[in-house]
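Here is a colleague's note to read beside the coordinates. Please keep the viewer open while going through the points.

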Amino acid sequence: MKSDLFASENMAQQAAVPGMTLQNAKSVKYAVNGEMHARQGSMIAYRGNLQFERKGQGLGGMLKRAVTGEGLPLMAVRGQGEAWFAHEAQNCFIVDVEQGDALTVNGRNVLCFDATLSYDIKTVKGAGMTGGGLFNSVFTGYGKLAVICDGSPVVIPVTTNQPVYVDTDAVVGWSAQLNTSLHRSQSLGSMIRGGSGEAVQLMLQGEGFVIVRPSELTPEKAKQS
């Protein structure tokens, strides 16, 4: 049987070493030898001897269920084998977190990660309910983290002299050492006239970076519109 479908870039090869790699721009391959963690429902295929166990709250700081708008129910994947993960054909990126690093990521943008990473859910300081009641996933320790993004992300440096203002529906993540607060960019007069649609942003200050996606709509909102 012949087809472009069977091109080498589409064919899954046997993993040479354990761990996480990009299968392609839309999916992550994980060669499991022990345990790893992923968002529930993100496994699209696997081979080998693997078990998938649902993880919720009550397991301490390592595995908590995020209380974001969509939530982040997690599962542990254990055994020996290979698994592929994806979510709504979003773009996938692998972040190497090193000892001393701290990255905060919106729960909707977490795909899977090494069990060596510590994971906690924290309220975004300064956001409160006005900013959507933001709860983000904070990763520390060492290991690989797969992040997903609806479209190609924009990474913006943040400096002490130049804070960055981001839409709370578009933000993917940022350096955890940055200070956050709400910023109102719309005047009262503009609000009375119907508003600009850009009333409140999340302001990030300090030294680091912020990642945003080129869309303010979640997939659920897009389907409803």
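The points below go from the overall picture to single residues.

1. Overall make-up. This is a predicted model. The protein holds two helices and 16 strands. Of its 225 residues, 42% are buried. Among contacts with a separation of 6 or more, 77% are between residues 24 or more positions apart.

2. Confidence. The mean pLDDT is 82, and 76% of the residues reach 70 or more. Residues 128–133 have a pLDDT below 50, and this stretch has five contacts in the model beyond near neighbours in sequence. Residues 187–197 also have a pLDDT below 50. That stretch has seven contacts beyond near neighbours in sequence.

3. An open sheet. Three strands form an open sheet in the order β12-β15-β14, with antiparallel pairing. From one strand to the next, the twist averages 35 degrees.

4. The β14–β15 pairing. β14 pairs with β15, residues 200–205, in the antiparallel sense. Six bridges make up this pairing. His-183 stands opposite Gln-201 in β15.

5. Lys-29 lies in β2, residues 27–39, and Glu-82 lies in β4, residues 74–85, so the pair ties together parts that are 53 residues apart in sequence. Lys-29 is buried, at a relative accessible area of 7%. Glu-82 is buried too, at 3%. Lys-29 and Glu-82 also belong to a network of salt bridges that includes Arg-47.

6. Arg-78 forms a salt bridge with Glu-35, where the closest N and O atoms are 3.1 Å apart. Arg-78 is in β4 and Glu-35 is in β2, so this pair ties together parts 43 residues apart in sequence. Are these two partners buried or partly exposed? Arg-78 is partly exposed, with a relative accessible area of 25%. Glu-35 is partly exposed as well, at 32% relative accessibility.

7. Asp-96 forms a salt bridge with Lys-144, and the closest N and O atoms are 2.7 Å apart. Asp-96 sits in β5, residues 91–97, and Lys-144 sits in β10, residues 143–149, so the pair ties together parts 48 residues apart in sequence. Asp-96 is partly exposed, with a relative accessible area of 48%. Lys-144 is partly exposed, with a relative accessible area of 26%.

8. Cysteines. How many disulfides does the count give? It comes to zero. Consider Cys-112. The closest cysteine sulfur to its own is in Cys-92, at 7.9 Å, which is too far for a bond. A disulfide here requires sulfur atoms within 2.5 Å. Cys-112 is buried, with a relative accessible area of 0%. Cys-149 is buried as well, with a relative accessible area of 2%.

9. Gly-173. Which strand holds Gly-173? Gly-173 is found in β13, residues 171–175. Gly-173 counts as buried, at 0% relative accessibility. Leaving aside neighbours within four places in sequence, Gly-173 is in contact with Thr-104, Val-105, Val-210 and Ile-211. Gly-173 and Ser-137 are 36 residues apart in sequence, and their C-alpha atoms are 9.0 Å apart in space.

10. Points to keep in view. Treat residues 128–133 as a stretch with pLDDT below 50. Residues 187–197 fall below 50 as well.

Terms used:
Residues numbered from 1 in each chain as written. Predicted model: local features only at pLDDT ≥ 70, side-chain atom pairs only at ≥ 80, totals over all residues. Heavy atoms only, no water. Buried < 20%, exposed > 50% of the residue type's maximum accessible area, 1.4 Å probe, protein only. Pairing = 2+ DSSP bridges. Helix = DSSP H or I, 4+ residues; strand = E, 2+ residues; numbered from the N terminus. Axes fitted to C-alpha atoms, helices over the stretch in contact; angles between N-to-C directions. pLDDT = per-residue confidence, 0-100. Contact = heavy atoms within 4.5 Å. Salt bridge = Lys/Arg side-chain N within 4 Å of Asp/Glu carboxyl O.
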